[in-house]
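Subject: Structure for your review

Dear colleague,

Please find below the structure that I am handing over to you. My notes on it follow directly after.

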Amino acid sequence: MTQPAILLVEDNPDDAELTLLAFRNSHIANEIVVARDGAEALDLLFGSDPNAPEPPQLPAVVILDLNLPKVPGIDVLKRIRATPRTALLPVVVLTTSVEDNDVVGCYRNGCNAYVQKPVSFDEFLDAATQLGLFWLVLNVRPTA
């Protein structure tokens, strides 16, 4: 059985590339799927064909930006938590915002962690590396 992927939901190509670089440097073997907006993330999680024989495989963790085109990150989080199949899926918000309303809103809606994107290149790489290692190596996920 293959390892579940990481779903990175990030519209900024530079931030997406830095995160991918950090995961490669950490030797994380999981496939990393990048969704460039909230609608694409929902499609990857829930599928676009309601008549498909099987739903898409769930990722090991969702790394979610808040400021996304089409569907905001908070709405993606709400949909994940509102659906029994995805309700326990680990969701880490990785965003530039440190507004209290955003932090509180994300935790109220069930995020597992809220991380502000570091500004410096080295700090960003370090934060992404730590996120990947924690959620893929140390964290114990429910089996069902």
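Thr143 is found in the segment after α5; helices such as this one (H or I, at least four residues) and strands (E, at least two) are DSSP runs, numbered from the N terminus. With a relative accessible area of 85%, Thr143 is exposed, given that exposed means over 50%, buried under 20% and partly exposed in between (1.4 Å probe, protein chains only). Thr143 and Ala22 are 121 residues apart along the chain, and their C-alpha atoms are separated by 27 Å.

Before going further, please note that this is a predicted model, in which local features need pLDDT of at least 70 and side-chain atom pairs count only at pLDDT 80 or more, whereas totals for chains, interfaces and linings use all residues. Residues are numbered from 1 along each chain as its sequence is written, and side-chain values use heavy atoms, with hydrogens and water left out.

Helices α1 and α5

Two packed helices are described by the angle between their axes and the distance between the axes. For α1 and helix α5 (residues 121-138), the angle is about 60° and the axes are 8 Å apart. Axes here are lines fitted to C-alpha atoms, for helices over the stretch in contact, and angles run from 0 to 180 degrees between N-to-C directions. The pair is therefore oblique: angles under 35 degrees count as roughly parallel, over 145 as roughly antiparallel, 65 to 115 as roughly perpendicular and the rest as oblique. The crossing of α1 past α5 is right-handed; this term applies if the near helix is turned clockwise from the far one by less than a right angle, and left-handed applies if anticlockwise.

On the α1 side, the contact (heavy atoms within 4.5 Å) is made by Asp15, Leu18, Thr19, Leu21, Ala22 and Phe23. On the α5 side, Phe121, Phe124, Leu125, Ala128, Thr129 and Gly132 take part. Eight of the residues in this contact are nonpolar, three are polar and one is charged. In this division, Ala, Val, Leu, Ile, Met, Phe, Trp, Tyr, Cys and Pro count as nonpolar, Asp, Glu, Lys and Arg as charged, and the others, Gly among them, as polar.

Leu21 lies in helix α1 and counts as partly exposed, at 26% relative accessibility. Leaving aside residues up to four places away in sequence, Leu21 touches Phe121 and Leu125. Leu21 and Thr95 are 74 residues apart in sequence, and the C-alpha to C-alpha distance between them is 17 Å.

Helices α2 and α3

Helix α2 (residues 38-46) packs with α3 at an angle of about 15°, and their axes are 9 Å apart. These two helices are therefore roughly parallel, and their crossing is right-handed. Gly38, Ala41, Leu42, Leu45 and Phe46 in α2 meet Val76, Arg79 and Ile80 in α3. The residues of this contact comprise six nonpolar, one polar and one charged.

Val76, in helix α3, is buried, with a relative accessible area of 0%. Not counting residues up to four places away in sequence, Val76 touches Gly38, Ala41, Leu42, Leu64 and Val71. Between Val76 and Asn12, which are 64 residues apart in sequence, the C-alpha to C-alpha distance is 17 Å.

Cysteines

How many disulfides does the structure hold? It holds zero disulfides, a disulfide being a pair of cysteine sulfur atoms within 2.5 Å. Cys106 is in no disulfide, and the nearest cysteine sulfur, that of Cys111, is 5.1 Å away. For Cys111, the closest cysteine sulfur is in Cys106, at 5.1 Å, and is therefore too far for a bond. Cys106 is buried, with a relative accessible area of 1%, and Cys111 is buried as well, at 7%.

Positive phi values

Most residues other than glycine have a negative phi. His27 has a positive phi, near 60°, and its place is in the loop between α1 (13-25) and β2 (32-35). His27 counts as exposed, at 71% relative accessibility. Lys70 also has a positive phi, near 70°, and is placed in the loop between β3 (61-64) and α3 (73-82). Lys70 is exposed, with a relative accessible area of 69%.

With kind regards
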